[in-house]
Amino acid sequence: MQVISTPLPADATAERVVRRFQAEGFPGITEALLVRVRLKKGDRLAVEAAFERAQQMDATPPMREHFEIQPYGFYSEIRTLIAAKAAFPNDFANGLAYKLPQVFFDAAPVVADDALATDTKYDAMLKLSDNAGGYAIAVLLNDPNSSFFEYLETHAGYDWQQIIGNLGAAAGTFASTEDLL
């Protein structure tokens, strides 16, 4: 299978994340998308209330209204960055989208999952370092063949810094105007 490269600042980090999970017995994790999340409008209370209302009404969360999500790093053995960007509105499904305020506002580490994710939909979102420069860095993973939480439960003491290095500091130097939403 051909590995696709992209010109994003944290591509090497995305590949390290995928390779680490594969080495730990999760060969189905073939893609990692690192995103920078910035709050556009509101505070924690207002954003959480808006997302809760959307969830109660079984509506799409108001992500565009409150957040900007930019690609920061990408590695995939199954598709190109262009294909991942095009599919992002579908692949970042409501199961994870409803948890975006928690991931943005809570201190790291934060792990969210979408147990119903299938195919190329992201089934886990991890925030491994605290926000820096007004941004949160989240790692979106996809493994349609296994439960991501089975992995986390068996590796509770793992040092995430070994995978991501100093991603928070690097995030402060990246400037992009591209929004995935």
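This note goes through the predicted model of the protein chain point by point.

1. Basis. The model is predicted; local features are taken only at pLDDT of at least 70 and side-chain atom pairs only at pLDDT 80 or more, while totals for chains, interfaces and linings use all residues. Residues are numbered from 1 along each chain as its sequence is written, and side-chain values use heavy atoms, with hydrogens and water left out.

2. Confidence. The mean pLDDT (the predictor's confidence in each residue, from 0 to 100) is 82 for the protein chain, and 76% of its residues reach 70 or more. A contact here means heavy atoms within 4.5 Å.

3. Layout. The protein chain has nine helices and five strands. These are DSSP runs numbered from the N terminus: H or I of at least four residues for helices, E of at least two for strands. Along the sequence the pattern reads α-β-α-α-β-α-α-α-β-β-β-α-α-α. Of the contacts between residues at least 6 apart in sequence, 71% join residues at least 24 apart.

4. Burial and surface. Of the 181 residues in the protein chain, 49% are buried. Buried means under 20% relative accessible area, exposed over 50%, and partly exposed in between (1.4 Å probe, protein chains only). The protein chain exposes about 8,500 Å², of which carbon and sulfur atoms supply 52%. Areas come from the Shrake-Rupley method with a 1.4 Å probe, and for residues only the protein chains shown count as cover.

5. Helix 1. Helix 1 (residues 11–23) has 13 residues and reaches 18 Å from its first C-alpha to its last, close to the 18 Å expected at 1.5 Å a residue; the expected span is 1.5 Å times one less than the number of residues. Its buried residues are Asp11, Thr13, Ala14, Val17, Val18, Phe21 and Gln22. Gly25, which follows helix 1, has a positive phi, near 100°.

6. Strands 1 and 2. Strand 1 and strand 2 pair in the antiparallel sense over nine bridges, where pairing requires at least two DSSP bridges between two strands. Val35 stands opposite Pro71 in strand 2. Because 10 of the 10 residues of strand 2 are buried, strand 2 is largely enclosed by the rest of the structure.

7. Cores. The largest nonpolar core has 26 residues, and those with the most contacts inside it are Val37, Phe92, Leu100, Met125 and Leu140. A nonpolar core is a set of buried Ala, Val, Leu, Ile, Met, Phe, Trp, Tyr and Cys residues joined through side-chain atoms within 4.5 Å. Elements that each supply at least two residues of this core include strand 1 (31–39), helix 2, strand 2 (67–76) and strand 5 (135–142). Not counting residues up to four places away in sequence, Val37 touches Phe67, Glu68, Ile69, Leu100, Phe104, Gly134, Tyr135 and Ala136.

8. Ala115 lies in the loop between strand 3 (110–113) and strand 4 (124–127), and counts as exposed because its relative accessibility is 71%. Ala115 and Gly95 are 20 residues apart in sequence and 7.9 Å apart in space, C-alpha to C-alpha. Asn90, in helix 4, has a relative accessible area of 47%, so Asn90 is partly exposed. Asn90 and Tyr122 are 32 residues apart in sequence, with 9.5 Å between their C-alpha atoms.
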